Amino acid sequence: MMHPLNTSKEGENIVVRCLNCNCDDTGRLNELGCVEGANGRILSKQKNIILQVGETRLAIAEDLAKSILVSPA
Amino acid sequence: MSSEPLTIALVGNPNTGKSTIFNALTGLRQKIANYPGITVERKAGTTIIGGVLHKIIDLPGAYSLNYKKLDERIAYETLIGSYEHEEVPDLVLVIADASNLDRNLYLATQVMDLNMPVVLVLNMMDIAEQNGITINAEKISKALGIPVVPISAKNKEGIETLKKAIQDLDLTKPDPLKWVPSKALNKAIETVLDEWIEPYTQVPERARYIEALRLISEGEFNDPFYKFEQPGVGKKAIAKARKNIEDEGANPVALEVLQRYNFISDCTSGASSQNGQQKRTLTDKIDAVVTHKVAGPAIFALILLFMFQAIFSWATPFMDMIDLFFVEGGNWIANTLPPGMLNDLLVEGVIAGLGGVVIFIPQILFLFFFIYILEGTGYMARAAFVMDGFMTKVGLHGRSVVPLMSGFACAIPGIMAARTIENWRDRIITIMVLPFMACSARLPVYALLIAAFIPATTVLGVFTLQGITFFGLYIFGIVMAVAAAAVMKKIFPTGQQTPFIMELPSYKIPTWAVVFQNTAERGKVFVTEAGKIIVAISIVLWFLASFPKAGTEQYEAEASSTETIESFQLRHSFAGKFGKLIEPAIEPIGFDWKIGISLLTSFAAREVMVGTLNTIYSIGEEDGDHVTLKEKLINDINPETGKPVYSIATAISLMIFFALAMQCMSTIAIVKRETNSWKWPVAMFSYMTALAYICSFIAFQLISSW
Amino acid sequence: MELDLQTIVAFGILLVVVAYLANRFVIKPFRKSKVEQGHHCGPDCKCM
């Protein structure tokens, strides 16, 4: 079941399913390896989130995290 | 390889050790940035390979050729040969982080699409090994069709192999394997190429394919990078290409990315593997603490406190030595040269002015040393993450943290680093409040006044009152910046927010050679750039403070009984008259005419203040009676009142004025350049200086009456 | 004021310094701003 990234728990393994943000943000996330189908892990979750995709650690703002749909890995 | 000299470009994602490789190849000094996007400056150097001298260009870090920021665009323009200030590269070294291979190969495949000779350099092999990642460079080389060289630049491993790979490369046959776009994407590329780029643009041949992909992904061209004569045709072609993709059920924004990653995944499968379970790395463990909701900001504040305490305490012995050196040097020149105007100019103008600059080098070196360590370890990006929530609340952006932190060193690189903030409103607010951050130019003034007027009482057994005051001034600057940003947030329209996305690099021990080199470079820049101006202004000021000469008869007739002839001479000089003229305006904030002269000259650059005071207080000194400026300030007596010129209230008022006033011509010039308008620098100068006056007034009046 | 060698050298230094300051703060920035016209970042943050 898909859910917004910001609702994931710390330590959870996820799969990125859908990026619903605007073109610029989608492009930037894609370049950083956060593409649909990529496996990730929530390293830290406060207001913002640290998501590990591959070997990349991404700090993502809460608002942006709301527009990224993920599912449990 | 041809025996002709080549231009070799280094390109790679931020934090891949590009600068370290550049340093290893060229031996030249350069700036390292461990924070994504901060490597704005281009660096060039030379290296000898096989007896041939080649030029090396270190291009700004970029995640892809789909540039979003100015620095990325410069990298792109250079690679495709259309950047007017740079030679067209003959060879590209793509630097990739071996511990994060797939992500780094994204840029590599884009560069390969430019049909240029490419060597893939897998850096940080040691970190990859530590993380249990095994890479078969030969297999990746075969899969990509380009030479692949594994190295560990930090440990200087593999540099010779890299040089040999460059030497052995056949430049005439760049034949990298290419990813094959899907049918739908291929058709879209052809549409944009045939209907727009080839017939209507001057996009260089090698860049056409990649430019078509960029346009399809972005949906339109919105900057006049190329002089498009018929933009309407281009927009139609792009829309048509995107529709083709959408009709096939795909997303034109993501299609290229997905297909590239599929290609990369095919290339690295079997060539790169991770041993065992994903274990909790050291970076994970450190991040759990330093990015913690409560501990994170507390650690950030502690780091700042430690940094400023250390700057103040550790630098003191060196400063005392320099001070003594200039005092003794001044005495020696005064006694060696025959008496005369040149003697006075050298001792009271040049030596005093120069001494006022050089004395602060230890503190500036310590400040930059800490900043480079924070960058080099990867902590800067965490600081941005930790502070983003707070920053957003006050009208700034998480990305503002790095420009603001850079502002501790100097507002100018900070203002330039604000380019990484994509949203105009966030960017302009960051620029407008950035000069409140206590830059290194304020440091000499703070250091002088604190050392002279704040007692060195120990607090909590570890800190001194002087160190805490010093820290307090930095915090005061931050608080004022935050308050000003909060006000500006209400004034400026919101517009579209740019969300915070940032890569957090792995923690690593900084490359000490680079930290020391860069720190020394900053010290050199301070002496050569600021120093030249300070010494020049000191000389002019010495003349203004020495002429017209007041005679002994005039002194005897007009001076009060407590006034010395030197003080009388200064008061009657051009500078003295000017200081007296503005004295009524600055008296309410506790300043006398001597401080007034220093304030005026410090509008050129803040650090000029100390040189000016040094010059003013040296005028008329007898040979051999040179004492330090600190002592002169403490002992300065107002001849009219008979009281000390500098009280605690004056010192605090002066420090507050310096903390808030916009006294830097270079900052004003850079704000004008970055905003392309005089509106912002004028507004900045006006509101900051007015605020400084009001706050100094309140502080002086309150403390005086207390 | 007597015009001895020291005075002449001192005023020579002053002349050089004033020329340097004029070049640094007046002439150079003026020339630079002329050259840099045509490249700036506008409110949409796209470089023009």
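First, the ground rules. Because the model is predicted, local features need pLDDT of at least 70 and side-chain atom pairs count only at pLDDT 80 or more, while totals for chains, interfaces and linings use all residues. Residues are numbered from 1 along each chain as its sequence is written, chains are lettered from A and ligands numbered from 1 in the order in which they are written, and side-chain values use heavy atoms, with hydrogens and water left out.

Let me start with the interface. The size of an interface is often given as the accessible area lost when the parts come together. For chain A and chain B that buried area is about 3000 Å², and carbon and sulfur atoms give 54% of it. Buried area is the accessible area, taken with a 1.4 Å probe, that two parts lose on being put together, summed over both. On the chain A side, R28(A), E31(A) and R57(A) lose the most area to chain B, together 26% of what that side buries.

Three salt bridges are counted between chain A and chain B, a salt bridge being a side-chain nitrogen of Lys or Arg within 4 Å of a carboxyl oxygen of Asp or Glu. In one of these, R57(A) meets D284(B), with N to O at 2.6 Å.

Which elements of chain A touch chain B? Helices (H or I, at least four residues) and strands (E, at least two) are DSSP runs, numbered from the N terminus.

Seven strands form an open sheet in the order β1(A)-β6(A)-β2(A)-β3(A)-β4(A)-β5(A)-β11(B), with antiparallel pairing. Two strands pair if DSSP finds at least two bridges between them. Its edge strands are β1 (3–4) of chain A and β11 of chain B, each pairing on one side only. Helix α15 (residues 379–393) of chain B packs on this sheet, touching β4 and β5 of chain A and β11 of chain B, at about 155 degrees to the direction of β11(B). Axes are lines fitted to C-alpha atoms, for helices over the stretch in contact, and angles run from 0 to 180 degrees between N-to-C directions. Where the chains join, three bridges link β5(A) to β11(B), residues 501–503, and L58(A) has E503(B) as its bridge partner.

Chain B has another sheet, open and six-stranded, in the order β2-β3-β1-β4-β5-β7 with mixed pairing. The edges are β2 (43–49) and β7 (148–150) of chain B, and the twist averages 25 degrees from one strand to the next. Strands β1 (residues 7–12) and β4 (residues 91–97) of chain B run parallel, joined by five bridges, and V11(B) is partnered with V94(B).

One salt bridge in chain B pairs D58(B) with K18(B), the closest N and O atoms being 2.7 Å apart. D58(B) lies in strand β3 and K18(B) in helix α1 of chain B, so the pair ties together parts that are 40 residues apart in sequence.

Last, two backbone details. Most residues other than glycine have a negative phi, and most peptide bonds are trans. The peptide bond from F547(B) to P548(B) is cis, with omega near -5 degrees. N115(B) has a positive phi, near 55 degrees, and sits in the loop between α3 and β5 of chain B.

Notes. Contact means heavy atoms within 4.5 Å.
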